[in-house]
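Work through the exercises below with the model open. Each task is followed by its solution.

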Amino acid sequence: MSVEATSALLKMSQAALRGVPWDYLVHSALEHVRQVTSCDVAAFYSASNTDGALALQERIRRDAGIDALPATDRFLARIATGEADPRPADASWRYDLAVPVRSGVETFGVLAVAMQREAFAASDRKFLTELAEVLALALRAERHKRAADLIAKQNRYAFEHNPNPMVLLDAETFRYVDVNQTAIDVYGYTREQFLEMTPYDLRAPSDTDGLEATFNTFRRDATTMIDTVHRRADGSRIDVHITSITVERGDGKVRIATIQDMTERNEALARALQSEAQLAHDLLHDRLTGLPNRVLFNERLTAAIDRARGANRMAAVLFIDIDEFKTVNDTMGHPAGDALLKEIADRLLSATRQLDCIARVGGDEFIAVLSDIAEIDHVMQVVRKLEQVAADPVRLPGGDLTVTCSIGVALFPRDGEDAETLIRNADTAMYQAKRDGRSTTCFFTPAMQHEAEQRIRLEARLRKAIEEDAFRLVYQPIYDLDGTLLATEALIRWPQSDGSTVQPNLFIPYAEASGLILPIGAWVLRTACLQNAAWGREAPPIRVSVNVSAKQFGDPNFVRTVQQALNESGLAANLLELELTETVMSTNVERTAAVVEELRASGVRIAIDDFGTGYNSLATLRSNVVDTLKLDICFVAGIASSPIDQAIASAVITAAHGLGAKVVAEGVETVEQRAMLAKLNCDAAQGYLFARPMTAEKFATLLRAAERTHHHRVYSEERRLVRAV
């Protein structure tokens, strides 16, 4: 091979190594062919775009090595430059020579030459063949380079436009060598700042150990996925998930890392976990006070019983009820009631040990288990502490309030060996504490169980009595001390099928405790008003008094209930007198005064029943305008002979008259009592001396007789004693 041919091949090889463009390679190859072979025409037919090129490629594959293709094969591929066959149509061509340009199984085209004068020499064939091989390699390398460049461009685009931060780090120094715009936006650093930093500069202050572990992972593993915490330029934290891979680059190894901002997802997950934990907590705790509920309490009580049984110790269950809570809740409002419950819950919790458990199991009911009890004295110490913390004044939006608690106690194993029995017996003891006057503690006794069963049966009978309208009213007349009929008091009775009658003092406390007093009280009001209206259609009008319980008065709808009874019966409001106890009048004074004022403004009269038995009798008079005071029977019983009772009665009568109220003495049974009351200027009286409670029919007869005589006369002996006094 000539020096010129060898030089041409060397230049083509160098061009291939430099990765010059496709068209430059083809142009250079054709120039070398013309110079070395002295051919008339040299052309490159591309095999990439036409059917002719594919046919030629297949033909070349069938023919091994160099093929002498006839000049008539005009369907050969188009020339790379896009020109037509360069041979003139009118020329007479004697020899053609075509050599495939291919590498392996990939054919790039055909290198073709034509000679008009003489045939090609063997050296021309060899040169053309070797040049075609070099050209194929060069074209293949250039194609790969173009593909790599395209991939690099695509990768760069993906890098720059990735919605997640992406960074390149030097695999040895871990210094950032490139970052995309998203990383700049998310972290708040400029590109120049990033290029001076390493992941160490992004660490959260508390994550130094985690960062060292990350570097170690980078050094050890080609591909890694880690979760960590980064710090932005403004100091805020960002939770990140980093996926990275080590790759070879022309200038060494780099680490490509994609960073996902997991802050929102982690916060959402944390919220979900918190919600799940809160849900689990709510399932086992009272939402208002945060104390365990009945479900969790039963679990802890069972565990306490098991420990006590194994250690041969005692456990105590305390059932705690806030006295008169419903009245507080109804009169002061639910927000005040909730505030009271939360405060009492905190106080009860502070009075127990950490190993004990206290729970809220009802509206105003709490229950506690005291574990590891050696002596009953320890239970009493805790009880006294509970009573003390509960009795301290509670500051509420409406003012300070002092409450008391009734507590029932049941002991393991004496009063029961399982949770259900102990809770039931402690509840029974608590109700006994209520009946004993509230603000006290009762330990369970077997006798209470029988009474509790009776209470349950009685409550069921009360409900049935309400449904069947089984109650009846009787009426006890009220007279002035000269014997003139003034009014009557409606009293409830519960007749039985055997002819007996259940007295109010036997069933009213149960009605109060169960809440049944509300429908019963409404029935009494309605029935008394209807009956009085019926009497008024046949005789002169007379006033009827109706007793009102604390629960009734505390009902937010109480005034409406009174108005409904008056409207339905057509009774004039001034012919209805409501008797309230001192306890009712002294509870939530502001609300009580407002309700009393509203009732009196409508014409309804107000009386204070059993006056003198409360702790705040005079304060009650000072805070409320009332029409009648009913002097309690305890002062009347000894008034004929006791100077103290006489002095108390005199003071009450004088005070009442000074406030414009009338005084009615209750339980007058002797003429001596009547005579002394008259001497003290008492206004009226009721009791067996005058008349026993009677049916509505009998009272109607009495009323008609009073109309005929205009007054009620008593025995002549009584009149004589009155004159003597």
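**Exercise 1.** What percentage of the 725 residues of the protein chain count as buried?

Solution. The model is predicted: local features need pLDDT of at least 70, side-chain atom pairs count only at pLDDT 80 or more, and totals for chains, interfaces and linings use all residues. Residues are numbered from 1 along each chain as its sequence is written, and side-chain values use heavy atoms, with hydrogens and water left out. Buried means under 20% relative accessible area (1.4 Å probe, protein chains only). By that cut-off, 48% of the 725 residues are buried.

**Exercise 2.** Which residues touch the most other members of the largest nonpolar core?

Solution. A nonpolar core is a set of buried Ala, Val, Leu, Ile, Met, Phe, Trp, Tyr and Cys residues joined through side-chain atoms within 4.5 Å. The largest one has 83 residues; L462, F471, V562, L576, L578, L599 and F699 touch the most other members. Helix α16 (residues 517-536) gives the largest share, nine residues. Helices are DSSP runs (H or I, at least four residues), numbered from the N terminus. Another core, of 33 residues, lies apart and includes L291 and V409.

**Exercise 3.** At what angle do helix α18 and helix α20 pack?

Solution. Take α18 as residues 558-569 and α20 as residues 589-601. Their axes, lines fitted to C-alpha atoms over the stretch in contact, are 11 Å apart at an angle of about 15°. Angles run from 0 to 180 degrees between N-to-C directions. Under 35 degrees counts as roughly parallel, so α18 and α20 are roughly parallel to each other. Now find the contacts (heavy atoms within 4.5 Å). F558, V559 and V562 in α18 meet V595, E598 and L599 in α20.

Methods: Buried < 20%, exposed > 50% of the residue type's maximum accessible area, 1.4 Å probe, protein only. Helix = DSSP H or I, 4+ residues; strand = E, 2+ residues; numbered from the N terminus. Parallel < 35°, antiparallel > 145°, perpendicular 65-115°, else oblique.
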